[in-house]
Amino acid sequence: MSRKWIGLSSAVIFSVILLSSLGFSANGEGAAQAAEPAGSDVPPVLPSTATLPPDYSVITIQTTCPKSAAKSKTAAQGDCKITVTRKDFEDLVNATNPRMVKGERRELAATYGKVLALSQEAIKRGLDRNPRVQAQIRYLRLHTLANAMAMEIYKDALASPLGDAEKYYATHGALFERFTFERIFVPRQKPTSAPQSPAELEAAAPRNSDTSEKEMQELAKQVYARAVAGEDFAKLQQEVFKTAGVTSDPSVKLEDLRRGDLSEVQNVVFDLAPGNLSPVLTDQTGFFIYKLVSRVVPPFESVREQVTVRMQNDRSAEAVSRIEKLSKAHVNAAYFDKYDPPPPNPNEPDVDSD
């Protein structure tokens with residue numbers, strides 16, 4: 001299941017870019033501060049962090065106190081100390097990635113300190129009371145909860161009994177079929193310069209005239225008629241490349257393909273019967289003629305892992321879909337038909353809305 005952020009506002013994206021620009025990386029300031037002292041050839045043997053008390057200090061920042069934390073005008077000018085304890089930090093690590101290695105934990109701590117500093121300055125400036133910031137915080141909270149629910153659903157799918165995968169395979173065996181094809185490829189146009197391989201040729205954008213394309217299309221029709229008559233695919237492919245001016249050695253065999261491995265136009269060939277030919281298929285790269293050599297359903301034991309993962313993903317998607325249907329979420333299209341974006345604010349930087 002996808003875990004990427006969706007629907008983030010430009011301001012949030014800008015904030016991520018800002019944090020990146022501050023040097024939050026393994027090569028940044030935080031990592032440098034955490035490096036071993038020069039001249040220590042053998043690092044000291046340290047006890048496990050599990051022996052430290054929960055309130056042990058991991059990150060500390062010293063900052064001026066916000067006015068809300070001051071008891072007097074004089075105290076407002078003083079320093080406030082903020083500490084991230086071992087428990088706080090390890091809670092974050094466990095929530096993010098419990099297998100995080102030492103270097104990554106140091107980097108996270110360095111980033112955490114800088115985020116704390118920026119957030120405290122934001123509070124002192126009253127940005128936490130800004131309606132736009134509050135709207136972003138509300139949405140990010142909901143997004144975090146949704147991600148947590150999606151993870152919980154996936155954990156439930158992982159707990160499926162071992163025998164369920166075999167039952168799933170019995171009813172979804174076609175998803176795991178393996179196909180072998182012979183294929184003839186006719187480029188859409190003659191290349192201005194010969195690529196080094198058929199793959200490069202397929203990836204090349206059309207560069208020549210309509211006359212060249214019509215010539216290649218006619219060649220594809222002729223080759224198809226000869227293929228239907230039973231001529232050898234390898235021989236026909238060699239002739240095609242010679243006519244098209246392609247100097248690379250042709251290969252017509254495609255092995256161990258699964259449904260969905262080809263482009264949308266070409267995926268129809270997975271429904272062929274062994275020995276049958278496809279019609280001439282056309283996409284932006286050229287013309288294709290397929291012959292299905294064989295299709296095999298592998299034994300369950302050889303694809304057990306793939307079957308289990310596919311089953312878990314399907315069950316997770318079904319569970320999410322059921323929740324969405326129960327919620328009956330409705331987006332009022334009329335709102336967007338009437339929506340008129342506000343004029344740009346000259347006091348704010350331009351940001352992309354994508």
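This is a predicted model: local features need pLDDT of at least 70, side-chain atom pairs count only at pLDDT 80 or more; totals for chains, interfaces and linings use all residues.
**Exercise 1. Which residues make the nonpolar surface patch of about 460 Å²?**

Step 1. Learn the rule. Patches are made of residues with over 30% relative accessible area and no salt bridge; like charges are joined within 9 Å, nonpolar side chains (Val, Leu, Ile, Met, Phe, Trp, Tyr) within 5 Å. Accessible areas come from the Shrake-Rupley method with a 1.4 Å probe, and for residues only the protein chains shown count as cover.

Step 2. Name the members. Val 331, Tyr 335, Phe 336 and Tyr 339 make the patch.

Step 3. Look at one member. Val 331 is found in the loop between α10 (304-327) and α11 (333-338). With a relative accessible area of 60%, Val 331 is exposed.

**Exercise 2. How many salt bridges does the structure hold? Then follow some of the pairs.**

Step 1. Define and count. A salt bridge is a side-chain nitrogen of Lys or Arg within 4 Å of a carboxyl oxygen of Asp or Glu. The structure holds 17 salt bridges. Side chains of opposite charge can pair when their charged atoms come close.

Step 2. Take Glu 121 and Arg 125. Their side chains meet in a salt bridge at 3.1 Å, N to O. Glu 121 is partly exposed at 32% relative accessibility, whereas Arg 125 is exposed at 64%.

Step 3. Take Glu 182 and Lys 291. In this salt bridge the closest N and O atoms are 3.5 Å apart. The pair links distant parts of the chain: Glu 182 is in strand β3 and Lys 291 in strand β6 (residues 286-296), 109 residues apart. Glu 182 is buried at 17% relative accessibility. Lys 291 is partly exposed, with a relative accessible area of 24%.

Step 4. Take Lys 190 and Glu 215. Their closest N and O atoms are 3.0 Å apart in a salt bridge. Lys 190 is in the loop between β3 and α7 (198-203), and Glu 215 is in helix α8 (residues 210-228), 25 residues apart.

Step 5. Find a network. Salt bridges link Glu 177, Arg 259, Asp 271 and Arg 295.

**Exercise 3. Is Gln 266 buried or exposed? Trace its surroundings.**

Step 1. Locate Gln 266 in the loop between β4 (253-257) and β5 (281-283). Gln 266 counts as buried because its relative accessibility is 5%.

Step 2. List contacts (heavy atoms within 4.5 Å). Leaving aside neighbours within four places in sequence, Gln 266 is in contact with Arg 183, Leu 281, Asp 283, Phe 288 and Tyr 290.

Step 3. Find the polar contacts. A polar contact is a pair of N or O atoms within 3.5 Å; within protein, one must be able to donate a hydrogen and the other to accept it, and residues adjacent in sequence count only if both atoms are side-chain atoms. One of 3.1 Å joins the side chains of Gln 266 and Asp 283. The side chains of Arg 183 and Tyr 290 make another, at 3.4 Å.

Step 4. Turn to Arg 183. This residue is in strand β3 (residues 178-187) and is buried at 14% relative accessibility.

**Exercise 4. Which residues have the most contacts inside the largest nonpolar core?**

Step 1. Define the term. A nonpolar core is a set of buried Ala, Val, Leu, Ile, Met, Phe, Trp, Tyr and Cys residues joined through side-chain atoms within 4.5 Å.

Step 2. Read off the answer. The largest core has 29 residues, and Phe 181, Ile 184, Val 186, Val 269 and Tyr 290 have the most contacts inside it. At least two of its residues come from each of β3, α8, α9 (233-244), β4 and β6.

Step 3. Look for another core. Apart from the largest one lies a core of 10 residues, among them Ile 59, Ile 61, Ile 82 and Leu 108.

Key: Residues are numbered from 1 along each chain as its sequence is written. Side-chain values use heavy atoms; hydrogens and water are left out. Helices (H or I, at least four residues) and strands (E, at least two) are DSSP runs, numbered from the N terminus. Buried means under 20% relative accessible area, exposed over 50%, partly exposed in between (1.4 Å probe, protein chains only).
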